[in-house]
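Dear colleague,

I am passing a structure on to you below, together with some notes on what came out of going through it. Please read the notes with the coordinates open beside them.

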Amino acid sequence: ELGVSDWRLEKFPSLYQSVLAQEDLLLADGLSSEKITLLKSLTPRLLNLCEELSSYKIPETFDHSDFHDNNILQNPKTKNLTLIDLGEASITYPFFSRINFLKKLSFHYGLKETDPDYLSLKNTGMEFNPANFKAWSLAEKLWPLYAIFGELRLINSCDPEKFKKCSSSAAGLFEE
């Protein structure tokens, strides 16, 4: 009703198919026709992963989709936190934002999955229950698709001609 993207697990297979249907974009991005065919053949596996993750009955929810340390502001006096940049919000599986956040922390600050701080952030708010950790593992397998959906949403929101100009201008930065 708010106009945010619907990326609930039940939608992942059709969203995946819509990504694979954009063969020109995938070929231009470096995938071969053979890889695209292989990816298409993996649709049943995706469906099984989504069904298995859904079986844990963790409710899907409002998701920031661009949740990372640069999108969190803290009031220095009150210490209250404010999330910004909600333009990429979606309705999806609740672990995806946290996985994204941890990936950004790992990239920016070198946190490793075995670091106590990483593990503490990963497990914050999760009841110690083996099912939660199995669900987390499944969500990590599906997270790359979540990331692709976000990147594709960004690409599709751009004017193709302006996007090409920006791409060719940026490419010039790397020429000698």
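**Notes on the model**

K57 is exposed, with a relative accessible area of 69%, where a value over 50% is what counts as exposed. Please keep in mind throughout that this is a predicted model. The backbone of K57 has a positive phi of about 55 degrees, although the residue is not a glycine, and K57 is placed in the loop that runs between helix 4 and strand 2, the latter spanning 61–63.

A second residue of this kind is K79, whose phi is near 70 degrees, again a positive value in a residue other than glycine. K79 sits in the loop between strand 3 (72–74) and strand 4 (81–83), and K79 is exposed as well, with a relative accessible area of 51%.

As for the chain as a whole, it has eight helices and five strands, and from the N terminus on its elements follow the order β-α-α-α-α-β-β-β-β-α-α-α-α. Of the 176 residues in the chain, 29% are buried, while the accessible surface comes to about 11600 Å², with 57% of that surface belonging to carbon and sulfur atoms. Among the contacts in the chain with a separation of 6 or more, 72% are accounted for by residues 24 or more positions apart.

The remaining notes concern one pair of helices. Two packed helices are described by the angle between their axes and by the distance between the axes. Helix 4, which covers residues 43–54, packs with helix 7, which covers residues 130–157, at an angle of about 140 degrees and with the axes 10 Å apart. Since angles over 145 degrees count as roughly antiparallel and those from 65 to 115 as roughly perpendicular, helix 4 and helix 7 are therefore oblique to each other. The crossing of helix 4 and helix 7 is left-handed.

Which residues meet where helix 4 and helix 7 come into contact? From helix 4 these are R45, L46, L49, C50, E52 and L53, and they meet K134, A135, L138, A139, K141, L142 and L145 in helix 7. Sorted by class, this contact of helix 4 with helix 7 has nine nonpolar and four charged residues, and no polar ones.

Terms used
Residues numbered from 1 in each chain as written. Predicted model: local features only at pLDDT ≥ 70, side-chain atom pairs only at ≥ 80, totals over all residues. Heavy atoms only, no water. Axes fitted to C-alpha atoms, helices over the stretch in contact; angles between N-to-C directions. Helix = DSSP H or I, 4+ residues; strand = E, 2+ residues; numbered from the N terminus. Parallel < 35°, antiparallel > 145°, perpendicular 65-115°, else oblique. Left-handed = near helix turned anticlockwise from the far one by under 90°. Contact = heavy atoms within 4.5 Å. Nonpolar A, V, L, I, M, F, W, Y, C, P; charged D, E, K, R; others polar. Buried < 20%, exposed > 50% of the residue type's maximum accessible area, 1.4 Å probe, protein only. Areas by Shrake-Rupley, 256 points an atom, 1.4 Å probe, with all protein chains shown as cover.
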